[in-house]
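Dear colleague,

I am handing over the structure below, together with some notes on what was found in it. Please read the notes with the model open beside you.

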Amino acid sequence: MELQGAFTIFLALCLSCLIILIAWKRTNKGGKLPPGPTPIPFLGNVLQVGFDETYQSLMKLSKKYGSVFTIYMGPRPVVVLCGYDTLKEALVDQGDDFSGRGEIPSIDRNFQGYGVAMASGERWKILRRFSLTILRDFGMGKRSIEERIQEEAGFLLQELRKTKGAPIEPTFFLSRTVSNVISSIVFGSRFDYEDKQFQALLRMFNESFIEMSRPWAQLYDMYSGIMQYLPGKQKYLYNLIEELKDFIVQKVKINEASFDPQNPRDFIDYFLIKMQQEKNNPNTEFNTQNLITTTLNLFFAGTESVSSTLRYGILLLMKYPDVQAKVYEEISQVIGSHRVPSMNDQSKMPYTEAVIHEILRMTNIVPKGVPHVVTRDTHFRGYFLPKGTDVYPLIGSALQEAKHFRYPDTFYPQHFLDEQGRFKKNEAFIPFSSGKRICLGESLARMELFIYFTSIIQSFSFCSLVPPAEIDISPQASGFANIPPFYKICFVAR
Ligand code: HEM
Ligand SMILES: *[C@@H]1O[C@H](CO)[C@@H](O)[C@H](O)[C@H]1NC(C)=O
């Protein structure tokens with residue numbers, strides 16, 4: 001009994017020492033970080049954040065700690081930003097301060113700070129400006145990106161017709177066609193749908209996206225310091241991404257062999273031209289590392305995001321057949337059944353636009369956002385974030401904010417329509433994030449979503465194998481990304 005009491009006192013003493021130590025460390029090194037749950041030394045806030053459904057846990061914490069708080073991912077403090085106003089204040093009003101790319105431990109070893117999506121500072125600015133220019137130039141070339149999407153959508157429709165209305169699992173139908181759009185830009189050509197190497201690549205995309213969203217990857221975000229030395233799934237993901245990089249290396253070799261600076265064919269060629277121009281500059285960012293990683297960033301981000309959104313959207317339209325019917329009605333009125341949908345139709349189709357917005361909102365593809373880091377000592381809302389502090393801009397907290405959306409958890413296209421049925425913008429609609437690091441492919445993505453959704457619905461209705469009311473729309477994994485659940489569907493020709 002006595003011994004037990006002494007032990008308890010001893011424990012309590014230890015614990016208070018630790019708490020004091022942590023509080024001291026936080027004010028000392030961390031300047032004045034926002035408040036948050038008390039971490040366990042080294043283990044951080046794993047008890048509060050968990051490693052499954054971390055986004056939901058963070059949303060719960062924000063109820064207690066407000067719209068700006070600190071959590072410890074293992075030993076590492078991360079400042080969490082919640083709600084549209086907070087995100088705008090940080091990412092837009094203090095855009096430069098918050099423009100760095102934060103740690104993504106599960107893939108950092110593959111990229112090591114190279115490539116447009118993972119770089120920070122001057123390197124990122126140079127790669128971002130260059131990538132945007134090339135994407136824009138392709139839109140104005142002889143053959144516009146829009147035509148390329150229309151053609152590719154045509155190939156998808158052919159494939160769907162071949163299914164003759166039998167049940168299929170749609171993942172690769174969608175990723176093959178979407179991937180070919182960005183492939184035309186970065187590699188100068190599309191892949192044949194039967195191409196074995198292409199299919200292997202898309203399987204790797206699917207797997208890496210899902211693996212990054214599993215609980216082990218969330219645990220890795222906290223304890224990469226130790227876990228990188230242990231066997232397990234992290235090795236598998238690392239190898240997958242290295243394989244994807246090898247594929248790009250091969251593509252670059254092929255380009256180099258037939259390279260003609262007078263006639264650049266694709267993103268890789270334009271990058272090679274820059275490398276040639278700057279070959280005497282030892283500090284140039286136009287080097288092989290950045291070529292390979294940036295090309296992979298565009299290829300991967302350009303494939304998985306749009307194809308997952310299409311896959312989620314089709315599921316939602318299957319669950320809500322009345323919405324699907326209304327979109328079809330609008331297509332019939334504005335486009336008819338013979339002409340291929342084009343971007344000119346968009347402004348005449350407010351209902352369809354509202355539905356696509358609502359699909360992006362509900363898909364909430366990266367609920368925690370992609371991590372940022374402050375690029376210098378930063379004052380924010382009375383707190384002080386030292387240079388190098390990681391930041392999670394919770395995009396989902398804006399997309400599901402009750403202040404901005406009447407039924408935040410419900411698929412409700414009227415969120416984007418006014419009383420007269422006209423399209424209504426919403427400032428909290430930020431699925432592509434906001435500010436300086438806003439998705440580089442936003443306009444390409446919007447074009448693809450409009451042309452694919454309208455083309456598919458113009459030709460097919462979606463038929464579910466279970467009654468619509470029973471369709472479960474909760475994601476099969478939701479760590480880094482919300483991955484749509486597994487489902488089967490019949491595409492029935494109209
Ligand atoms: C539904 C489609 C898409 C969604 C919802 C989406 C969303 C996002 C989000 C949330 C970010 C992180 C922004 C941040 O750091 O705050 C991002 C970054 C990025 N996206 Fe997208 N994206 C989509 C499609 C695309 C496409 C088609 C491309 C192809 C060009 C692309 C290329 C990129 C790149 C390169 C970045 C990194 C930008 C940077 O770090 O500066 N995305 N995207
Ligand atoms: C995508 O990858 C996951 C994880 O490895 C796997 O379970 C799933 O079957 C894949 N999807 C398809 C359609 O093959």
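Of the 27 residues around ligand 1, those that come nearest are A301, G302, S433, C439 and G441, where a residue counts as near a molecule or strand if its C-beta atom, placed from the backbone, lies within 6 Å of it. Two elements give two or more residues to this shell, namely helix 13 (288-319) and helix 17 (442-459), and helix 13 provides the largest share, seven residues. Helices (H or I, at least four residues) and strands (E, at least two) are DSSP runs, numbered from the N terminus. By class, the shell around ligand 1 holds 17 nonpolar, seven polar and three charged residues, with Ala, Val, Leu, Ile, Met, Phe, Trp, Tyr, Cys and Pro counted as nonpolar, Asp, Glu, Lys and Arg as charged, and the others, Gly among them, as polar.

This is a predicted model, in which local features need pLDDT of at least 70 and side-chain atom pairs count only at pLDDT 80 or more, while totals for chains, interfaces and linings use all residues. Residues are numbered from 1 along each chain as its sequence is written, and chains are lettered from A and ligands numbered from 1 in the order in which they are written.

C439 lies in the loop between helix 16 (395-399) and helix 17, and the UniProt annotation "binding site", from an unreviewed entry, covers C439; such positions are given in the numbering used here, feature names are shortened, and annotations may be inferred rather than shown by experiment. C439 is partly exposed, because 19 other C-beta atoms lie within 10 Å (buried means 20 or more, exposed 12 or fewer, and partly exposed in between, with C-beta atoms placed from the backbone).

Around ligand 2 are E169, T171, N206, E207 and I210, and helix 9 (residues 196-211) gives the most to this shell, with three residues. The residues of the shell around ligand 2 divide into one nonpolar, two polar and two charged.

As for confidence, the mean pLDDT (the predictor's confidence in each residue, from 0 to 100) of the chain is 93, and 93% of its residues reach 70 or more. Over residues 6-24, however, pLDDT stays under 50. Where pLDDT is low, the predicted coordinates should not be read in detail.

With best wishes

How values were computed:
Contact = placed C-beta atoms within 7 Å.
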